[in-house]
Amino acid sequence: MDYVNAFWVGGIICALAQILLDRTKLMPGRVMVLLVCGGAVLGFLNLYEPFQEFAGAGASVPLLGFGNVLWKGVKEAVQAEGFIGTFMGGFKAAAVGTSAALIFGYIASWIFEPKMKK
Amino acid sequence: MEKEKLEKEYEQYVKEKTPVHNVYMNMLKAFITGGAICVIGQFILNYCKGKGIAEDISASWTSLSLVFLSVLLTGLNVYYKIAKWGGAGALVPITGFANSVASPAIEYKKEGQVFGIGCKIFTIAGPVILYGIMTSWTLGVIYYFLIKAGVTL
């Protein structure tokens with residue numbers, strides 16, 4: 001059942017983002033920024049956690065989930081460290097995703113050659 | 001007079017050449033692609049949890065695996081094809097983020113380590129990280145003062 005929920009919830013988030021791409025002049029980069037910021041706000045409003053419990057990876061894999069993780073990191077750091085925590089939690093929470101993308105991306109630039117534009 | 005006529009002709013030309021998006025078809029493709037990527041994520045998540053790994057570490061392993069797969073497919077020029085078909089379905093998941101990091105790193109390597117790869121690797125990741133951090137920091141400050149004011153979320 002969790003596979004079914006992951007599929008349709010993740011799919012719907014992507015289908016809605018497709019409307020943004022097709023019907024507005026929003027470029028892919030802007031859509032990504034919007035999703036991450038939106039995820040953080042939804043997390044702040046306590047809406048994302050229950051949603052993620054239901055949808056599992058359908059909620060955590062889209063970039064909305066990345067925004068929610070950022071917010072969760074800040075929240076936990078504020079609870080533990082007070083004000084300085086607002087500067088600590090975000091990068092810590094985003095560490096795995098961004099580090100992995102940068103490290104693998106950089107290694108990929110050694111291995112793979114640029115594609116010729118056809 | 002002549003100019004107006006030319007402008008009208010040009011408008012007509014642009015209208016003819018602009019591809020008409022079939023939004024519903026694109027949405028269906030995005031739905032299938034995005035859903036499939038999330039199912040792969042769920043599979044990795046379940047596998048990790050099945051091994052007795054804690055919930056949040058399992059989520060980290062899931063991100064790590066998806067990012068790795070996405071970078072690999074980007075290098076092999078396969079992700080580009082998935083994105084061409086799936087549109088937002090390939091953009092919205094974390095694999096789209098990884099693709100937006102790996103793709104310029106490979107594409108601009110000829111321009112050098114610092115100004116080629118170093119700068120261009122952040123073309124999309126830079127804005128995403130900047131505004132993600134700004135948003136969560138702002139919310140964190142609000143949260144801090146709410147706690148100070150005795151409001152519990």
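In which hand, left or right, do H2(A) and H8(B) cross? In this predicted model, the crossing of H2(A) and H8(B) is right-handed. The two helices pack with their axes 9 Å apart, at an angle of about 20 degrees. An angle under 35 degrees counts as roughly parallel, and H2(A) and H8(B) are therefore roughly parallel to each other. On the H2(A) side, the residues that meet H8(B) are A:Gly29, A:Met32, A:Val33, A:Val36, A:Cys37, A:Ala40, A:Val41 and A:Phe44. Their counterparts in H8(B) are B:Pro127, B:Val128, B:Tyr131, B:Gly132, B:Thr135, B:Ser136 and B:Leu139. Classified by residue type, this contact of H2(A) with H8(B) holds eleven nonpolar and four polar residues, with no charged residues.

Helix H8 of chain B, which spans residues 125-148, also packs against H6(A). Here the axes come within 10 Å and cross at roughly 160 degrees. Since angles over 145 degrees count as roughly antiparallel, H6(A) is roughly antiparallel to H8(B). The crossing of H6(A) with H8(B) is right-handed. From H6(A), the contact draws on A:Gly89, A:Gly90, A:Ala94, A:Thr98 and A:Ala101. These residues meet B:Ala125, B:Ile129, B:Gly132, B:Ile133, B:Ser136, B:Trp137 and B:Gly140 in H8(B). The contact of H6(A) with H8(B) comprises six nonpolar and six polar residues, and no charged residues.

The model scores ipTM 0.93 and pTM 0.89. For chain B, the mean pLDDT is 92, and 97% of the residues reach 70 or more.

The secondary structure of chain A consists of six helices and zero strands, in the order α-α-α-α-α-α from the N terminus. Along the principal axes, the C-alpha atoms of chain A fill a box of roughly 55 × 35 × 35 Å. Chain A has 118 residues, of which 53% count as buried. Among contacts in chain A between residues at least 6 apart in sequence, 59% join residues at least 24 apart.

Within chain B, helix H2 (residues 23-50) and helix H4 (residues 79-86) pack with their axes 8 Å apart, at an angle of about 135 degrees. That angle makes H2(B) oblique to H4(B). B:Lys29, B:Ala30 and B:Thr33 in H2(B) meet B:Ile82, B:Trp85 and B:Gly86 in H4(B). The residues of this contact divide into three nonpolar, two polar and one charged. Helix H2 of chain B also holds B:Asn46. With 17 other C-beta atoms within 10 Å, B:Asn46 is partly exposed. B:Asn46 and B:Thr62 are 16 residues apart in sequence, and their C-alpha atoms are 9.4 Å apart in space.

Several loop residues were also examined. Most residues other than glycine have a negative phi. By contrast, phi of A:Asn46 is near 65 degrees, a positive value. A:Asn46 is found in the loop between H2 and helix H3 (48-55) of chain A, and is exposed, with 9 other C-beta atoms within 10 Å. Phi of B:Asn77 is likewise positive, near 65 degrees. B:Asn77 lies in the loop between helix H3 (55-75) and H4 of chain B. With 13 other C-beta atoms within 10 Å, B:Asn77 is partly exposed.

A further loop of chain B, between helix H6 (94-107) and helix H7 (113-120), contains B:Lys110. B:Lys110 counts as exposed, with 9 C-beta neighbours inside 10 Å. Leaving aside residues up to four places away in sequence, B:Lys110 touches A:Pro114 and B:Gly116.

Methods
Residues are numbered from 1 along each chain as its sequence is written. Chains are lettered from A and ligands numbered from 1 in the order in which they are written. This is a predicted model: local features need pLDDT of at least 70, side-chain atom pairs count only at pLDDT 80 or more; totals for chains, interfaces and linings use all residues. pLDDT is the predictor's confidence in each residue, from 0 to 100. Axes are lines fitted to C-alpha atoms, for helices over the stretch in contact, and angles run from 0 to 180 degrees between N-to-C directions. Helices (H or I, at least four residues) and strands (E, at least two) are DSSP runs, numbered from the N terminus. Angles under 35 degrees count as roughly parallel, over 145 as roughly antiparallel, 65 to 115 as roughly perpendicular and the rest as oblique. A crossing is left-handed if the near helix is turned anticlockwise from the far one by less than a right angle, and right-handed if clockwise. Two residues are in contact if their C-beta atoms, placed from the backbone, lie within 7 Å. Ala, Val, Leu, Ile, Met, Phe, Trp, Tyr, Cys and Pro count as nonpolar, Asp, Glu, Lys and Arg as charged, and the others, Gly among them, as polar. A residue is buried if 20 or more other C-beta atoms lie within 10 Å of its own, exposed if 12 or fewer, and partly exposed in between; C-beta atoms are placed from the backbone.
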